[in-house]
Amino acid sequence: MANTPHGGILKDLVARDEPISSNLREEAGKLGDIVLTERQLCDLELILNGGFSPLEGFMNESDYNSVIDTLRLSDGTLFPMPITLDVSSDDIARLAITPGARLTLRDPRDDNPLAILTVDDVYTYDRVREAIQVLGADDPAHPSVAYLRTRVKEYYVGGKVQGIQAPSHFDYVALRYTPAELRAHFKKLSWRRVVAFQTRNPMHRAHRELTVRAARQRQANVLIHPVVGLTKPGDAIMAKYPNGMGHLALLPLAMRMAGPREAVWHAIIRKNFGATHFIVGRDHAGPGKNSQGKDFYGPYDAQELVEKYKDELQIEMVPFQQMTYLPSTDEYQPIDEVPAGAQTLDISGTELRRRLKTGAPIPDWFSYDAVVQTLRESYPPRNKQGFVLFLTGLFNSGKEIIAKALQVALNEQGGRSVSLLIGESVKGDLNPKLGLTSEERHENIQRIAFVAGELARAGAAVIAAPIAPEERSRALVKNTVVSNGGAGGNFFLVHVATPLEHCESTDRRGVYAQARSGSIKGFVGVDIEYEIPGKADLVVDVTSQNIPSIVHSIILLLETNSLL
């Protein structure tokens, strides 16, 4: 039989509230609403379907502080990850968010009401404390620290939710199971032991051998449970398993890459989906290297923390065995079981990326044809990948002239479409508003980031040239492009560091004069400070370089990164 849910009861809120869903839907139309972010949407889906049992909503301050400090909810239940709903001070004022208020939570993709939140409390939090306690360090090299710094708003709202409907999906529908549905599937097939395997990446032969071996040693079946974003070879991989051994299901999880804490969280989630065993890998859910070039977590930290809480988790950890290929017998074996002197073959992640980048062959012993084909589609060679050149500097610094000259140079190169985003918005205004508040400017940069990322993902060369005076806005653009800009996540920050005196003295339109006289408010360089970028990929200055030499230096930057 399937494992008991964490906390004893599966909190399927959509099923619980189905008898009153029509009333909730009617009420939702009359309430103030919060349009969720992508992460909040993933979190809400797993709250609603019971994947985050025993949670019934977003954490209030008491639960949040307890989880941060002790890995437990305030009632003592083990739960290592803070699940929070962040809002801004503007949201609080606009929606009158106070304890007892009811708010509609809407899907950002189609605006459908998904749930109603009853506010328990509204509270501030310490970003640095959360980063250190949950992620291990306040280091922006960690993607979740960068997200916390640039994307998370200044307040959290806690409270329980009532479910109206689950989010709609139109891709891989047959592979999407709620915990209740997956438990019913296991029961129908009489699966008593289920080994769950999580992956963020396409599976190769070593992963198949590892999971089959784990299942056979425990007389169990295999649940391949990748997080959202599965690529097409999923079904092809399942065909490689012995008939009836494995099952594939998607998990709509927004990972935090929190290493040891994340491993315990993943174990709880798989327990809620009915698994009895969970494979925990070496450096499980680790984000790679920190700012000093060292791993954020030790290789076995995750396994050790799961083992520490095994009595409460009630799901058996299966340590990930390092598998290696033996050409003499055409099979994979755990590396510690290989006979002395036997020849072994391996392809590292770095080597795989090199082969994808250069088009070099990937051998059959390493992966499957369907997987390799999809990888080649998903990871085109560098000279076919999109990229974003983000030029930032003062008004009249020359960044617009540089951007237009770059567009001509890149069009001459050929091979990609070239898109130009000049100014403070993406609306194409001929006379854009130059006096903006900090929030207005940040929101416009968010829009530019989204458009640039989408274009880069489609393989375009994107040149954006807003003023972008704040470091937080520039960091947001980089994070958006790296996360959503397609293969490579190619982002380059170019600081056009032309001095203010030159920008002002050559301003033939008299815009600086208008700002000095007070006709334009909130003008960068006059009454708003321009924050000098700390880590620009290139710094240029039209007072000491001419436009052709600047364009050439940017072209060389792209060539150095194998993009041209």
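Reader: How do the residues of the lining of the largest cavity divide into nonpolar, polar and charged?

Author: There are 9 nonpolar, 4 polar and 4 charged residues, where Ala, Val, Leu, Ile, Met, Phe, Trp, Tyr, Cys and Pro count as nonpolar, Asp, Glu, Lys and Arg as charged, and the others, Gly among them, as polar. Do keep in mind that this is a predicted model, in which local features need pLDDT of at least 70, side-chain atom pairs count only at pLDDT 80 or more, and totals for linings use all residues. Numbering runs from 1 along each chain, and side-chain values use heavy atoms, without hydrogens or water.

Reader: What makes a space a cavity here?

Author: On a 1 Å grid, a 1.4 Å probe fits at its points but cannot get out, and lining residues have an atom within 4 Å of a point. The structure holds 2 cavities of 30 Å³ or more. The largest has a volume (the space filled by probe spheres set on the points) of about 210 Å³. Of its 17 lining residues, Arg39, Thr84, Glu130, Tyr156 and Arg256 are the closest to its centre. Helix 6, a DSSP run of H or I of at least four residues, gives the most to this lining, with 4 residues.

Reader: Why is helix 7 called largely enclosed?

Author: Buried means under 20% relative accessible area (1.4 Å probe); 6 of the 8 residues of helix 7 are buried, so the rest of the structure largely encloses this helix. Those buried residues are Ser144, Val145, Ala146, Tyr147, Leu148 and Thr150.

How values were computed
On a 1 Å grid over the protein atoms alone, a cavity is a set of points where a 1.4 Å probe fits but cannot get out, and a pocket is an open set with protein on both sides within 12 Å along at least five of seven lines; lining residues have an atom within 4 Å of a point. Helices (H or I, at least four residues) and strands (E, at least two) are DSSP runs, numbered from the N terminus. Buried means under 20% relative accessible area, exposed over 50%, partly exposed in between (1.4 Å probe, protein chains only).
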